[in-house]
Amino acid sequence: MASSTFVKPNTLSSPWIGQRSAGRAHPSASTPPPRPRVSFAIRASAYSDELVKTAKSVASPGRGILAIDESNATCGKRLASIGLDNTEDNRQAYRQLLLTTPGLGDYISGAILFEETLYQSTKDGKTFVDCLRDANIVPGIKVDKGLSPLPGSNDESWCQGLDGLASRSAEYYKQGARFAKWRTVVSVPCGPSALAVKEAAWGLARYAAISQENGLVPIVEPEILLDGDHPIERTLEVAEKVWSEVFFYLAQNNVMFEGILLKPSMVTPGAEHKNKASPETVADFTLTMLKRRVPPAVPGIMFLSGGQSEAEATLNLNAMNQSPNPWHVSFSYARALQNSVLRTWQGNPEKIEASQKALLVRAKANSLAQLGKYSAEGENEDAKKGMFVKGYTY
């Protein structure tokens, strides 16, 4: 199968496709020459069948992703919020609490791990990878090396980590990981500049191609940050621009769309905008963007929560699943699944069972939202508290 090649016409000849028809001018001062219309060869990887199978497993009905891939520094901030020191033992104890929750696989199909966690075990010596496999949860791995200032931009960032990615990905596969995550960000208040958008899209495309070559399903995540006071219409405009460019470069890099997953931001107003959008409005704008930009060959859309409250993230997801979509529309939440757990645990071994029940409450709520059957009735006030942090970093 590795030698087969499928050639399809290029339907993404410009990263700005669709914007002129919507009445918006091209963002550059002068119209650039049209890009040549070429055909992209989608080269079948030796892992093609496995990639498709993995992607479909993660994008399975009523399930989503638990993201616990925070860096050690960010995990330390979470632990500090409940009065714990940032030590490897405390990080291991917290992640063991999460990953050994009985019944978690009923609602969670994949778990994104930090490198340290991928190689850790329970106190009884069972690897976390085996804990996940036994629960029918696919292990995943964060592979990017974080954000760095982008020279020549409007105080924007670019994502590092391509150097050595192929060899690292091969090792992660040997350790049991079957999908990967690479998070880059786009800032609306900073423009975004054409340079930052292109850098984000190209980096994601190179990462995706390398991941597939090494057996890992790439999660493609250009997070459009909530920072700013812009209206929802501006978020939609930026999201369309970003995803158009992302898919153009994914095609250029011969990425197989059936073997990827997306982790987009929901289309919402900026966190500091005077008016909040209803779940129905968020769903309408978000699905409009996705239908304009994302091919139906993509198996799953796994939304990030991005600082929304636990209840808000669940309500918005539920609103998007009130009618059939071309893709599995689900969740890949970190704070929106973990916040209640941390508040309950407080580092107390006697509260582990109660903390795991708190995780199941949030996981089940989002499972119901993926099926379009969630009701916010009975949600406590803590679940409604926003978690947006200006300039938040992982």
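A: A nonpolar core is a set of buried Ala, Val, Leu, Ile, Met, Phe, Trp, Tyr and Cys residues joined through side-chain atoms within 4.5 Å. Buried means a relative accessible area under 20%, exposed means over 50%, and partly exposed lies in between, with a 1.4 Å probe and protein chains only. The model is predicted: local features need pLDDT of at least 70, side-chain atom pairs count only at pLDDT 80 or more, and totals for chains, interfaces and linings use all residues. Residues are numbered from 1 along each chain as its sequence is written, and side-chain values use heavy atoms, leaving out hydrogens and water.

By these terms, 57% of the 394 residues of the protein count as buried. The protein has twelve helices and twelve strands; helices (H or I, at least four residues) and strands (E, at least two) are DSSP runs, numbered from the N terminus. Contact means heavy atoms within 4.5 Å. Among contacts between residues at least 6 apart in sequence, 80% join residues at least 24 apart.

The largest nonpolar core has 104 residues, and Tyr207, Phe247, Leu250 and Leu262 have the most contacts inside it. Helix α8 gives the most to this core, with twelve residues. In soluble globular proteins, nonpolar side chains tend to be buried together. Leaving aside residues up to four places away in sequence, Leu262 touches Phe247 and Trp243, along with Ile219, Val220, Val294, Val298, Gly300, Ile301 and Met302.

Axes here are lines fitted to C-alpha atoms, for helices over the stretch in contact, and angles run from 0 to 180 degrees between N-to-C directions. Angles under 35 degrees count as roughly parallel, over 145 as roughly antiparallel, 65 to 115 as roughly perpendicular and the rest as oblique. Helix α7 (residues 194-213) packs on helix α8 (residues 232-252) at an angle of about 40 degrees, and their axes are 8 Å apart. That makes α7 oblique to α8.

On the α7 side, the contact is made by Val197, Lys198, Ala201, Trp202, Leu204, Ala205 and Ala208, and on the α8 side by Lys241, Val242, Glu245, Val246, Tyr249, Leu250 and Gln252. The residues of this contact of α7 with α8 divide into ten nonpolar, one polar and three charged. In that count, Ala, Val, Leu, Ile, Met, Phe, Trp, Tyr, Cys and Pro are nonpolar, Asp, Glu, Lys and Arg are charged, and the others, Gly among them, are polar.

Ala205 touches Tyr249, Leu250, Asn253 and Val255, not counting residues up to four places away in sequence. Its C-alpha atom is separated by 7.0 Å from that of Val246, 41 residues apart along the chain. Arg206 also lies in helix α7, but at 27% relative accessibility Arg206 counts as partly exposed. With the same exclusion of residues up to four places away in sequence, Arg206 touches Leu162 and Asn253. C-alpha to C-alpha, Arg206 and Asn253 are 6.7 Å apart in space and 47 residues apart in sequence.

A second pair of helices can be described likewise. The axes of helix α9 (residues 279-293) and helix α10 (residues 310-320) come within 8 Å and cross at roughly 60 degrees. α9 and α10 are therefore oblique to each other. Their contact is made by Pro279, Glu280, Val282, Ala283, Thr286 and Leu287 of α9 and Leu315, Asn316, Ala319 and Met320 of α10. By class, the contact of α9 with α10 has seven nonpolar, two polar and one charged residues.

Thr268 is placed in the loop between β10 (261-262) and α9. It is buried, with a relative accessible area of 10%.
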